[in-house]
Amino acid sequence: MAPGRRHGDLSGDGSGMRMEAFPLAATEPLDDDALGGYDGPEPDVGLTYNPRAVLSPSERKAVVGAGHRTQPNVDDEKELRPLTMVQKVATMGRALQPTRSRRHEAKAQGLCNSLHASGSTLVVGCSTGKLQVVNASTMRLMDTLDVSRAPDEKPREFEVAVKAAVTCVRYLPGTGSAANVLLTAQGSRVSHVHVPTGKVLSSMTEDPNKVYNIAVRSDATAFATAGSDHCVRLYDEQTGQLTASMDHGDNVNSAGHSMDVFGLAWSADDANLLVSAGWD
C-alpha cells in the first residue's frame, strides 16, 4: 500500500473518498417474501406443453361463453334501445344464426348480391362470370344468367372461355318493370340486365378500368361507378351518358382518390351527396 493512503482512499491525500467492494452473489438465499410472496413452482419446471391447432368442442364452447356478456337487464335494454338489431348483437355478443343457406356450385364463389325490392328474389354475382337468381324465401336456384356479352356482340370463333368475375350487382330502385332491371359490373363492362328474361338491355365499357362497385341514386335517375383507375364516374340512368368524372387526387392539394376505389354509397338525406372509399 502506498504511504499516506488509507485502504479504499482514492484521493491519495487522505481526504476520505472511499470505494467499497460488495459481493457479487448473496451469501444467503432471498426468501419468498422479498419477491412478493410467490411460492409457486419455478417457471418451466415440471410443466409440459401440448400445442394444438384445434380446440375441442368443450373448450370452444367455454371460450365462446366467456366472451359473451350476461343477459341485459332493464337498464341495459334502455341504453341499447336506439341501436339496430345488428348493433345489439355486436354489443351483447349474441350470435345470429342463418335461417337458410345455399352452397354454390364447385369453383363458383359468390362475390356480391342484390335483393329485389319485394324481398322475393336474390341475385348473386359469381367468380365464374355468371349471375345466380335465387328464391329468397327457399334459397332455391331459379336461373343462371350469362351476362358476359353486349346485346349486339357475337361469339368469336376461337373465343377463350375465361370470363371476368361479376364484382357488383345492383337492382334499380322503384316499382314496375324498372324494378326488375339489374346493373352489373364485370371487368371493365357495366350492363343493364332484365332479370326475368336474362336479356342484356345495354352495355358499356370503361377500358382499361376494372369496375369494382356501382351505386344507384334513390330516385334512379343516376348511377356511379368506381374501380381500379382511381376514378369515380357519374352516369345518367336514362341515356347512359357520362355526366361527371372525379379522378386522381393526391389527397393533399386536391380532392379525389390516388388508389383503387372499392366503396360507393349515396347519402340517404341528400341525393346529391355521393360517398366513396378506397385504399388511400
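Reply: A residue is called buried when its relative accessible area is under 20%, exposed when that area is over 50%, and partly exposed in between, using a 1.4 Å probe and protein chains only. The model is predicted: local features need pLDDT of at least 70 and side-chain atom pairs count only at pLDDT 80 or more, whereas totals for chains, interfaces and linings use all residues. Residues are numbered from 1 along each chain as its sequence is written, and side-chain values use heavy atoms, with hydrogens and water left out.

Phe 262 illustrates the scale of accessibility. Because its relative accessible area is 33%, Phe 262 counts as partly exposed. The residue belongs to strand β13, residues 261-266; a strand is a DSSP run of E with at least two residues, numbered from the N terminus. Leaving aside residues up to four places away in sequence, Phe 262 touches Tyr 212, Asn 213, Ala 277, Gly 278 and Trp 279, where contact means heavy atoms within 4.5 Å.

The charged pairs come next. Side chains of opposite charge can pair when their charged atoms come close. A salt bridge is defined as a side-chain nitrogen of Lys or Arg within 4 Å of a carboxyl oxygen of Asp or Glu. A search of the whole structure finds three of them.

One joins Arg 233 to Glu 206, with the closest N and O atoms 3.3 Å apart. Arg 233 lies in strand β11 (residues 231-236) and Glu 206 in the loop between β8 (199-205) and β9 (211-216), so this pair ties together parts that are 27 residues apart in sequence. Arg 233 is buried because its relative accessibility is 15%, and Glu 206 is buried because its relative accessible area is 5%.

Arg 233 also forms a salt bridge with Asp 229, the closest N and O atoms being 2.6 Å apart. Both Asp 229 and Arg 233 are buried. Through shared partners, Glu 206, Asp 229 and Arg 233 are joined into one network.

Another salt bridge links Asp 219 and Arg 217, whose closest N and O atoms are 3.2 Å apart. Here Asp 219 is partly exposed, because its relative accessible area is 41%, whereas Arg 217 is buried, because its value is 17%.

Notes. Helix = DSSP H or I, 4+ residues; strand = E, 2+ residues; numbered from the N terminus.
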